Amino acid sequence: MDKYDIKVTKADREIAINNGYSEDLAPVTKEKRTWNLFNYFTLWMGSVHNVPNYLAVGGFLFLGMSTVNVMLALTLSSFGVMALLILNGMYGFEYGVPSSMSLRSTYGSKGAKLPGFLRGIVAAIMWYGLQTYAGSKALLILISKIYPAFLNIGNGFEIIGITIPGLIAFILFWMINLFIGLGGGETIAKFTAILNPLIYIVFGGMLIWSIKINGGISPIINYSSGVTKEHSNFFIYLMIISSVLSVWAAPGVSSSDFGRNAKNFKSYSLGQALGLFISYLLFAFSSVFILVGSSLYYKTRMFDVLEIVNKWDNLFAIIFALGVLLMTTISTNATGNIVPAGYQLATLFPKKIDYKKGVVIASIISFLICPWYLMKNETSIYLFLDIIGSLMGPIAGTMIAHYFFVVKRDIWLTRIYAKEIHLYKPDINYSAYLSTILAALVPISFKFVPYLHSYSQVSWIIAFIVSFVLYLILAKTILRNKVDRKQQEMPPDRGE
């Protein structure tokens with residue numbers, strides 16, 4: 001079991017399909033995999049360069065550190081993100097299972113419903129709606145630049161809390177996201193391959209522009225927010241890294257959805273490692289230089305990249321930049337929200353819903369929640385995301401500990417997909433459940449203790465470490481996994 005290789009067989013896939021699972025949920029065998037190193041290299045670039053991430057950097061610049069330290073912290077964050085995505089995606093790479101089934105391997109068939117619901121339904125669909133609304137704002141600006149009278153439609157009249165032009169832009173962008181999501185992994189791979197060079201052109205160009213308008217890099221490097229640091233540089237580094245990991249908390253739980261497409265381990269691991277490092281290296285420089293450079297040039301705080309583009313005079317540059325920003329939002333939405341939601345709904349109702357039906361249902365729900373209302377109340381949004389982030393960290397920690405140290409990368413696919421033969425008795429891994437819940441409560445409780453309140457700002461890191469360690473202790477000592485005796489009557493999977 002030392003070699004990282006594809007272990008799923010055709011027999012494993014047939015067992016899943018014979019037990020009523022759709023083709024989308026069945027494990028993907030080696031001959032059906034098409035993703036190479038370039039596909040993984042470009043996969044997450046759009047998820048790095050998007051509007052919400054630039055807004056987050058604006059907050060980092062007001063923690064009291066220098067611009068150089070902020071850029072370094074962002075670059076270091078890429079190593080944590082690549083480790084999270086690669087390690088937790090090994091379920092998918094080696095055994096071809098989607099994230100919904102990797103949760104079942106860790107928590108049990110019934111036990112997987114709660115973490116699956118939190119990841120695939122609550123977090124994914126909520127983010128789906130918010131990302132779609134954020135992208136529709138860029139689309140609204142784009143349309144208004146081409147057709148200014150568009151903004152006057154309805155004369156400010158609102159329908160369910162949004163203006164008619166805003167609603168039209170939202171519907172159009174929502175339909176584009178739905179179309180990309182229905183195409184699945186193959187469509188996303190082709191989409192990101194096209195997007196990759198455009199990202200470098202737009203954000204690289206904006207980086208050069210910000211340097212030019214300020215007469216060099218010195219004004220940007222020497223920029224000071226004037227804020228007095230409340231913590232040491234080391235702790236602020238941890239805050240930034242934890243914040244970046246929180247952004248990736250949900251995709252980190254569902255990275256098996258993309259690991260299952262890899263042709264080989266080199267493509268899967270090296271492609272993502274290089275893609276994420278280079279993306280964050282560019283993002284670290286471009287985000288800080290663009291935001292600080294624009295603020296200095298326009299003599300006002302400008303930490304919204306859409307606001308910056310909207311101030312340009314060159315129509316072609318505006319259209320091109322906004323077009324790429326729209327594409328990065330679609331890429332983020334597809335990889336982090338649409339695909340996981342589709343798979344999770346298909347897993348909850350395998351006989352009635354397949355992946356495409358799941359995507360349609362998730363899309364409709366993302367519309368019905370009216371995300372523009374949530375965007376009007378930043379406090380409630382961030383509180384919700386803090387809670388979801390605190391839950392996703394423990395789930396990832398538990399899953400990684402289970403796969404590499406408890407079962408030691410040896411999964412019995414027959415027991416995961418079978419209807420009557422389960423891994424645990426009574427079909428719930430209580431060690432995983434307890435470690436996840438307790439680890440989530442730790443950073444949440446810090447918010448109510450004044451002396452420990454600061455540590456709640458590194459909640460993802462704390463929750464991940466606590467769940468990882470606690471699960472190893474519980475699974476191997478106190479609450480050792482109770483395996484159903486029926487499995488002893490079954491021959492081992494893969495002819496072992």
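Aromatic pairs in the structure number 31. A pair of aromatic rings is described by the distance of the centres and the angle of the planes. For W209 and W312, the ring centres are 5.6 Å apart and the planes meet at 65°, so this pair is classed as edge-to-face, a term applied to angles over 60 degrees. The two residues come from distant parts of the chain, 103 residues apart, with W209 in helix α9 (residues 164–213) and W312 in the loop between α15 (305–310) and α16 (315–348). W209 is partly exposed, with a relative accessible area of 23%, whereas W312 has a value of 15% and is buried, because the term covers residues under 20%.

A stacked arrangement is found for F464 and F468, whose ring centres lie 6.3 Å apart, with 20° between the planes. Both residues belong to helix α22 (residues 459–478), and because they are four residues apart, about one helical turn separates them. F464 and F468 are both buried. Charged side chains also lie over ring faces in the model: R301 is placed over the face of F62, at 4.3 Å from the ring centre, and K311 over the face of Y298, at 5.5 Å from the ring centre.

Helix α21 (residues 430–446) comprises 17 residues, and the distance from its first C-alpha to its last is 25 Å, close to the 24 Å expected at 1.5 Å a residue. Its buried residues are S431, A432, S435, T436, A439, A440, P443 and F446. When α21 is viewed down its axis, these buried residues fall within an arc of 150°, and they therefore line one face of the helix.

F170, located in helix α9, has a relative accessible area of 0% and is buried. When neighbours within four places in sequence are left aside, F170 is in contact with G129, T132, Y133, S136, F367, P371 and W372. By contrast, the C-alpha atoms of F170 and L291, which are 121 residues apart along the chain, are separated by 26 Å. T329 is placed in helix α16 and, at 2% relative accessibility, counts as buried. Residues up to four places away in sequence not being counted, T329 touches Q131, G135 and F173.

The lowest confidence is assigned to helix α18 (residues 371–376), with a mean of 75, and the highest to helix α6 (residues 90–95), at 96. Over residues 484–496 the pLDDT is below 50, although this stretch has 29 contacts in the model beyond near neighbours in sequence. Where pLDDT is low, the predicted coordinates should not be read in detail.

How values were computed: Residues are numbered from 1 along each chain as its sequence is written. This is a predicted model: local features need pLDDT of at least 70, side-chain atom pairs count only at pLDDT 80 or more; totals for chains, interfaces and linings use all residues. Side-chain values use heavy atoms; hydrogens and water are left out. Rings of Phe, Tyr and Trp (its six-membered ring) pair if their centres lie within 6.5 Å; planes under 30 degrees apart count as stacked, over 60 as edge-to-face and the rest as tilted. Buried means under 20% relative accessible area, exposed over 50%, partly exposed in between (1.4 Å probe, protein chains only). A charge sits over a ring if NZ of Lys or CZ of Arg is within 6 Å of the ring centre and within 35 degrees of the ring normal. pLDDT is the predictor's confidence in each residue, from 0 to 100. Contact means heavy atoms within 4.5 Å. The expected span of a helix is 1.5 Å times one less than its number of residues. The arc is that of the directions from the helix axis to the C-beta atoms.
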